[in-house]
Amino acid sequence: MSSPCDPQHAPAGDVGAALMMIDSRLKAIHDGRSGTDAEQQALTDQFAVSLGPGGADDLLDGACTLIYMFMQWLRTAYEDHDKDVIECVVPNVVATMRMMPRSVRPEAIPTMAGLLVAAGTGLSPSLWRKQYGDWTMDEMNPLEATAFLLAEHINRLTDDRDFATRMITEALTRADEG
């Protein structure tokens, strides 16, 4: 029986824009810029304004698609070693978010954990979240942090700082060719 949260029913959103934002954060961290500098924040703000309301929804759906794709890759990787993705990934991401109180408010962490569990069990994160209402402004940073932490987790597992970005870019390229 098909779930109303099945990914086939979910909009993919603007995966390219979401990936660009996550990749930008990854590169900033690896370049030693732990915080968001004024120039990067101005560019991010300008980009967000240029999206408009429909574009912002597409970016949110794109971030959820990234989370889904990352969790599916991680699920396969952990299953290859007889491990459970939920058990291995969710506690790690939650613990890291708890150490980020300026970026991730504590009340957003359960939602992000639920999002990860949904994605890890094959459900669409965006459709899972929509069951509980619209996204809130307080969930924007945690959503970005969740996608970032998953990408970084993948990069550490593969010992390749660009693996997660490259994996999604290649998937997008194959989808465009198909």
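Modeller: Asp 159 lies in the loop that joins helix 6 (140–158) to helix 7 (163–177). In this predicted model, Asp 159 has a positive phi of about 55°, although the residue is not a glycine. Its relative accessibility is 73%, and because the exposed class begins over 50%, Asp 159 counts as exposed.

Asp 82 belongs to the loop between helix 2 (38–79) and helix 3. For Asp 82, phi is positive, about 55°, and this residue is not a glycine. With a relative accessibility of 75%, Asp 82 counts as exposed.

Two packed helices are described by the angle between their axes and the distance between the axes. For helix 3 (residues 85–98) and helix 4 (residues 109–120), the angle is about 160° and the axes are 10 Å apart. Helix 3 is therefore roughly antiparallel to helix 4, since an angle over 145 degrees falls in that class. The crossing of helix 3 with helix 4 is right-handed. On the side of helix 3, the residues that meet helix 4 are Val 85, Ile 86, Val 90, Val 93, Val 94, Met 97 and Arg 98. Helix 4 contributes Ile 109, Met 112, Ala 113, Leu 116, Val 117 and Gly 120. Sorted by class, this contact comprises eleven nonpolar residues, one polar residue and one charged residue.

Asp 14 is found in the segment before helix 1 (15–30). Its relative accessible area is 32%, so Asp 14 is partly exposed; this class lies between the limits of 20% and 50%. The side chain of Asp 14 reaches the backbone nitrogen of Ala 17 at 3.0 Å. Beyond its neighbours within four places in sequence, Asp 14 is in contact with Asp 58, Leu 59 and Gly 62. The C-alpha atoms of Asp 14 and Asp 57 are separated by 8.7 Å, while the two residues are 43 residues apart along the chain. Asp 14 thus has a side-chain approach to Ala 17, together with contacts to Asp 58, Leu 59 and Gly 62, while being partly exposed.

Technical notes:
Residues numbered from 1 in each chain as written. Predicted model: local features only at pLDDT ≥ 70, side-chain atom pairs only at ≥ 80, totals over all residues. Heavy atoms only, no water. Helix = DSSP H or I, 4+ residues; strand = E, 2+ residues; numbered from the N terminus. Buried < 20%, exposed > 50% of the residue type's maximum accessible area, 1.4 Å probe, protein only. Contact = heavy atoms within 4.5 Å. Polar contact = N/O pair within 3.5 Å; in protein donor to acceptor, adjacent residues only side chain to side chain. Axes fitted to C-alpha atoms, helices over the stretch in contact; angles between N-to-C directions. Parallel < 35°, antiparallel > 145°, perpendicular 65-115°, else oblique. Left-handed = near helix turned anticlockwise from the far one by under 90°. Nonpolar A, V, L, I, M, F, W, Y, C, P; charged D, E, K, R; others polar.
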